[in-house]
Amino acid sequence: MPQSNTTTDALHFVKRYLHQLKEDGETRLSISQESLQTLTGMPAKYFRLVNKENNPPSYIRETPPHPKDTPSLAILEKHVVAANLVKELGTLRDIMVFAVGNPNADLMFVGEAPGAEEEKKREPFVGPAGQLLTKIIQAMGLKRTDVYISNVVKYRPAIGNGQNQGPKNRPPSPEEIDAFLPFLLQEIDTVQPEVIVALGGTAAKGLLNIDESVGRMRGQAHQLNGVPVLVTYHPSYLLRNHALSERRKVWEDMLDVMARLGLPITEKQKNFFR
Ligand code: URA
């Protein structure tokens with residue numbers, strides 16, 4: 001008789017149980033910090049087994065906020081460093097850039113992944129796109145330290161073997177984004193922002209699992225575990241496309257964010273691009 005693999009059997013059992021819950025109409029699931037850590041720390045081969053049908057890990061995505069199980073950001077950062085699933089990808093460079101800003105912020109910005117400048121300074125959004133984001137934040141009457149700034153992927157994606165990459169960057173792949181999603185969701189649970197702004201299509205797809213253009217996703221509040229997510233263009237798009245119309249769209253999105261947060265909006269701010 002072939003020997004049974006206990007981990008594989010256990011995962012199949014969990015999968016069947018989750019399917020049963022879904023069939024019974026459950027759409028949300030609470031998962032303890034310890035279990036989540038075990039799942040995300042598992043070698044990728046087991047994870048792929050659970051995800052054999054190529055489904056996104058929706059049972060993790062739908063985890064509702066659970067303050068008791070919420071780790072501090074410092075602990076979460078250690079979990080990311082230790083995560084086998086992330087290590088085993090083998091497609092990322094090895095300097096972690098976690099996040100920056102106010103861990104109790106009402107407003108959270110999420111970009112795609114650190115680039116060369118961010119890797120050097122170990123801080124998200126400090127290169128040219130980051131400087132434009134900083135200007136946008138200041139135009140809203142805020143400082144970088146008032147908001148929380150993170151990325152869907154916490155390491156700079158490698159090009160080739162990552163050596164001699166110079167300043168070249170690439171967007172993260174869906175596999176890279178999926179590997180970080182459980183951590184990003186925990187990060188959101190920990191910060192508990194009132195509003196999340198997804199910067200660009202990659203961040204929006206990673207957060208919301210919707211495959212649409214930014215143009216179609218912006219202008220409405222999507223929901224992620226009860227937190228409104230507004231989608232806007234990535235600042236690097238504005239650096240490539242200088243049209244006033246595109247800057248205006250991003251600014252309109254930021255006015256929407258300010259209104260949702262109850263921030264004061266001056267006449268000057270209202271008319272910036274009019
Ligand atoms: N672009 C991103 O999406 N994130 C960064 O941190 C920097 C540039």
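Mentor: Buried means under 20% relative accessible area, exposed over 50% and partly exposed in between, with a 1.4 Å probe and protein chains only. This is a predicted model, in which local features need pLDDT of at least 70 and side-chain atom pairs count only at pLDDT 80 or more, while totals for chains, interfaces and linings use all residues. Residues are numbered from 1 along each chain as its sequence is written, and side-chain values use heavy atoms, without hydrogens and water.

In helix H5 (residues 73–82), the buried residues include Leu73, Leu76, His79 and Val80; helices (H or I, at least four residues) and strands (E, at least two) are DSSP runs numbered from the N terminus. Because these four cover an arc of only 110° around the axis, they lie on the same side of H5, the arc being that of the directions from the helix axis to the C-beta atoms.

Strand E4 (residues 148–151) is covered on both faces, with Tyr148 and Ser150 buried on one side and Ile149 and Asn151 buried on the other. Strands pair if DSSP finds at least two bridges between them: E2 (residues 99–101) runs antiparallel to E4 and is joined to it by three bridges, with Ala99 partnering Ser150, whereas E3 (residues 107–111) runs parallel to E4 through four bridges, and there Met108 stands opposite Tyr148.

Leaving aside neighbours within four places in sequence, Leu107 is in contact (heavy atoms within 4.5 Å) with residues including Tyr148, Met140 and Leu261.
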